[in-house]
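Student: I have a structure open and would like to talk it through with you. Could we start with one chain and see where that leads?

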Amino acid sequence: MRSIKVIIMLILVAALALSIPCNSIFAASSNTGGEEPIKGVVKDNNPSLGYITLYFEDGSGTQPDKLERLISIRTFTYGYDVVVTRDGYTTIPESIQPGDQVFIKLDSDGYIQKISAQSFYRPVYGRIQNKGYNWITIKKDGGTYGYYPLTNYTPIYKNGKPGSMSDLLPGEKVKILVQTDGINIDIASIDVEKNPRLVTGVYRGTVEFYDSMRDSLVVSNIQEFVNGYWINSPFIGIQRIRYSEELRERPMPRVSGMAYFATQKASDGTDRIVAAAFRSGQPYTSIFRDTLMGLAGGRMELQNSSEIIRFDEKTIAIKDQRLVDISNINTLDSIKVSAERAGSGYLANVLVCDSINNNGLTVYRGRIKDVVKHTSITVESFAQLDGVTWEFTNTPKTFDIELGVTRFLNDSGIGNIREFDSSYKGQTVYIVAQGTKIQLISTAPYADSPASGRITELNGATYDSSGQLLADYTNMVITDTMIYDVEESLWKAGNDTSIDIPVHAIVLKDGKVGSTSLLKTGDEIKVIRHAQNLEGILIICD
Amino acid sequence: MQKMLKKMISVFIIAAVILGIPLNTMAVEGSMGYEGGISIENQTEKDEYQYSEMCFLTGKPVLLTGTLTIKKTDKSGEINATYTYRLSNPDQNVTMNRVVMYTTKKETKSNGQITESTTLSRTPTEVITAGGITYRLIDAQFSRSVLTDPKPGINYNAGEFYTKKVYAVGAATLNNPNTITVDMYGKLYAYDQFWSSTQTQKINVLIEANLTGNNGPVKWGGAAEVIASNARRNKFQYSVNEPYQISFDGGYVKSTWDESSLSYTARLPEFDSNNNPTDVIKTYSDTRSLSSAIETQRLMVPDLKHIRGFWAEEPIKILYSLEVIPGTGADFKIGKYVTRAEFVTMLTNALKDIPVDPNVRTVTVVRRQTKATAPEISPFNDVSTDHPNYEAIKKAYQKGITRGSGNGRFSPNTYITKAEAIKMIVSALGLENLAPYPYTSAPFSDNDQIPDYARNAAFVANSLGLIYPDEAGRFNPNAKLSNEFTANLIYDLIRYMGDELIKDYRDRIMEF
């Protein structure tokens, strides 16, 4: 009996001994007897030397006088075999970032056996102000600015899919997931706005008043700046344009004179003012369409003008339909500037810069020699459009069909490329291709009468009451018309010209092939017309 | 005696029933329906809304507009709702009639959160005609689940819903081989509070058509992302008096309005001139909106002539006008420190009550009863029930904004510190979980001096833009709050609740 008691005592003592933690550094045991891991927020993680320092459990430890104590008490070392998880995923020690909330389990020698971390990224929203090789600055929604270093590994997403540094454009809205402890910044990802809200128009008008109740600018005689021309708005009389909540500044009471403003679509789909400049009076204005040679000291230098053109903080700068800081306009950019007389020179009110992008599209015309259904088309010989003339090559050429990409326009309008088969052999077609990949095939008739001009009217489209386009434009009127004399190879001035557009006309604009819905009043175009009926067959927007 | 006891029991039961009625119902809940549409309340017809939604059945986006009528009854926590849609697009020759009945059950969990689940009460009816073709709903499935997390100042909501609808194209029989199936998976996020309310639905739509053409079966599919959002907004505007001879200065006008926006991106096959689908996928995107008329309300004009031109005049004036700071303003003293009782009063006044669902009819039995008066017991032993700030302190305690200063005390007359104030504000917003626990290295140089209980709150308030470090980078946790600093702080809180929160729940969801 006594021996049983002794045995029981020994078991109890052994059990007690085993329950004592081997590691004196280990955190306090809980009342239930389980071992609590070490926990805290990461101050520093050094994977090269294999240590991690946590702030004190109460969250203190930022002041220098506590640093020594922090290093001695809250620094833990780890080896190569440490098991690391972050946000539920197994990872490497390098991924633990300052600011992470971690749980640490030590082995019997006091080394870290396991680290389990939770990141605390928070979103920062703003517009890209400037962009460098490995950094961006953004103007945050709150109006302050932030600098964010980037690496080649910084994940960038556009439309929810992986993107690249080239997707980060000045003026674009971004969401940056950052974790910072005041000194270090870790960026988890950068998301670019899904459907970038581009500048929908740059306008000027005579200020009637500012309506504070409706937060709107009320203006009359509105003109839109299109392709370096001020074009009268189709809206007659006094118009109200609401301010965007993104723009914080509002005009002074009793504002008057001329307002220059840019609009963007707001979240409700309406055009709102995102930049505005007010100039007193209605001074003489001039337009410069030129190439920028430099920006310095509040002045811009143009290639073909010796005029002194200044800019100020109110100058509205638009690049590729994005509102940007003027410093984002680069040397050799093609620009259109509307400036008003100021002293001996000019003061720029609006500066617009559009990058030329044709996406490598080439227009061919040729007689079909062979069709491999759904796969390719071979033409016997072909002519390639060069400017407004055709360059003939007497060799066959094969183009690839890609069902999801290749569009087909026939005499009835949109056709089905699946039905494009050998019955088309011998027919002459237009092919718009990117490399050898066909973007568009059209059965439109031969066109060899080039003209150019600026669109003043677009007619024939139908819309529903909500403004949705139901049918494309079928006619346009151009002004500043020039007619190309093929025989003399000369452009000759012509009258304002009305041009009908057939359903299988080809429209190229901004590197896209599309329908006439791409066109806008004010666009400068080259059009190659049918020799007899003068219908616009190829419309190329400069 | 027995009669008296019975009476007391019945009073108690009635009181319990009334208290049991869910008062935290979301203000914006349900007014959009679950079809990816937007609505604005019709001011002349009760329960009727102007309504718009997108229809993709024809292979092209069609905007349908018309009315949505919602009738809801709340019977012992079970809400039965009938949604009746009458929509059309005359230009595109499309009409739609739809009736859907839902049943929603609510359950309050032990931590106060409320879960809701909604199902169809009966098979919905829906008929769409487009260009002479009839699309008739022959099968429908629907489920929806929402979690509401009621916090002192804001109710936060998040949930999902799933809809599958099968339409017969032409004849309405299950054997009809011409069908279009629409699958919708939606996420919804909403918050409700006095200064603004927003509900946003982000819906992924998949359309699958199985039709018979002249040359055999025609199958096509498309997808769309629809983001629909309803919001109620408030704005304050100072209106200057034009007459000189008038008894009061210009005053503030509160404007309230509803705004709804619907944005979609649809990827659908391009149709050829014979209306057959081609392989080219066309992307359509657009944004539509509805907005209500602006309702204006003149606010009281406080007597603050003695602070004209003072740097914090505007927030002080607005807070007096909104009766967030009690009184007429005549006794406002610049530089005076604010006590804990005064701060709690201002904070609870600023939070106001969360609006309730306007469509719900609660079924209750009203019986005449004499009110039994039980003695009021203060939650704090140093705040008597006749203390001038008692109601506010009790409310703050009941809502979890404050637990007092320890040992059952509230210390109403002690000057409030910045740490205490920020802690209360962040508790009222219910956003303390935005910081890691325990947060360290807040962007304040005196982080270590911040009391443990307020460290997370300080981080959160800073990240929300409610407070910023001083010129030396400090938080100054033990600083006493002056009248004007407090007014600024509370005004910033109101602005945050009115203007900033909506960006997270609407604009950013639409943008990214």
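Student: How much of chain B counts as buried?
Tutor: This is a predicted model, and in it 40% of the 512 residues of chain B count as buried.

Student: What does chain B have in the way of helices and strands?
Tutor: Chain B has seven helices and 15 strands. Where contacts in chain B link residues at least 6 apart in sequence, 65% of them join residues at least 24 apart.

Student: And which domains does chain B get?
Tutor: The domain assignment gives domain 1, made of 24–232 + 260–291, and domain 2, which covers 333–508. The C-alpha centres of domain 1 and domain 2 of chain B lie 39 Å apart.

Student: Let's pick out a helix, α2 of chain B. Is it mostly covered or mostly uncovered?
Tutor: Helix α2(B), residues 313–321, is mostly covered, with seven of its nine residues buried. Those buried residues are B:P315, B:I316, B:K317, B:I318, B:L319, B:Y320 and B:S321.

Student: What covers them?
Tutor: The cover over the buried residues of α2(B) includes the strands β11 (216–239) and β12 (251–271) together with helix α7 (483–511), each of them in chain B.

Student: How do the axes of α2(B) and α7(B) cross?
Tutor: The two axes come within 9 Å and cross at roughly 70°, which makes α2(B) roughly perpendicular to α7(B). The crossing in which α2(B) passes α7(B) is left-handed.

Student: Which residues make that contact?
Tutor: From α2(B) the contact takes B:P315, B:I316, B:I318 and B:L319, while α7(B) brings B:E484, B:A487, B:N488, B:I490 and B:Y491. By class, the contact between α2(B) and α7(B) has seven nonpolar residues, one polar and one charged.

Student: What follows α2(B)?
Tutor: After α2(B) comes B:E323, a residue whose phi is positive, near 60°.

Student: Changing topic: how many residues of chain A are in contact with chain B?
Tutor: On the chain A side there are 47 residues, in contact with 41 residues of chain B.

Student: Which strands of chain A supply that side?
Tutor: At least two residues each come from β1 (38–46), β7 (122–131), β12 (173–180) and β32 (413–415) of chain A, and β32(A) provides the largest share of the side that touches chain B, three residues.

Student: How do the residues on that side of chain A divide by class?
Tutor: The side of chain A that touches chain B divides into eight nonpolar, 22 polar and 17 charged residues.

Terms used:
Residues numbered from 1 in each chain as written. Chains lettered and ligands numbered in written order. Predicted model: local features only at pLDDT ≥ 70, side-chain atom pairs only at ≥ 80, totals over all residues. Contact = placed C-beta atoms within 7 Å. Helix = DSSP H or I, 4+ residues; strand = E, 2+ residues; numbered from the N terminus. Nonpolar A, V, L, I, M, F, W, Y, C, P; charged D, E, K, R; others polar. Domains from an automatic or database assignment. Buried ≥ 20, exposed ≤ 12 C-beta atoms within 10 Å, placed from the backbone. Axes fitted to C-alpha atoms, helices over the stretch in contact; angles between N-to-C directions. Parallel < 35°, antiparallel > 145°, perpendicular 65-115°, else oblique. Left-handed = near helix turned anticlockwise from the far one by under 90°.
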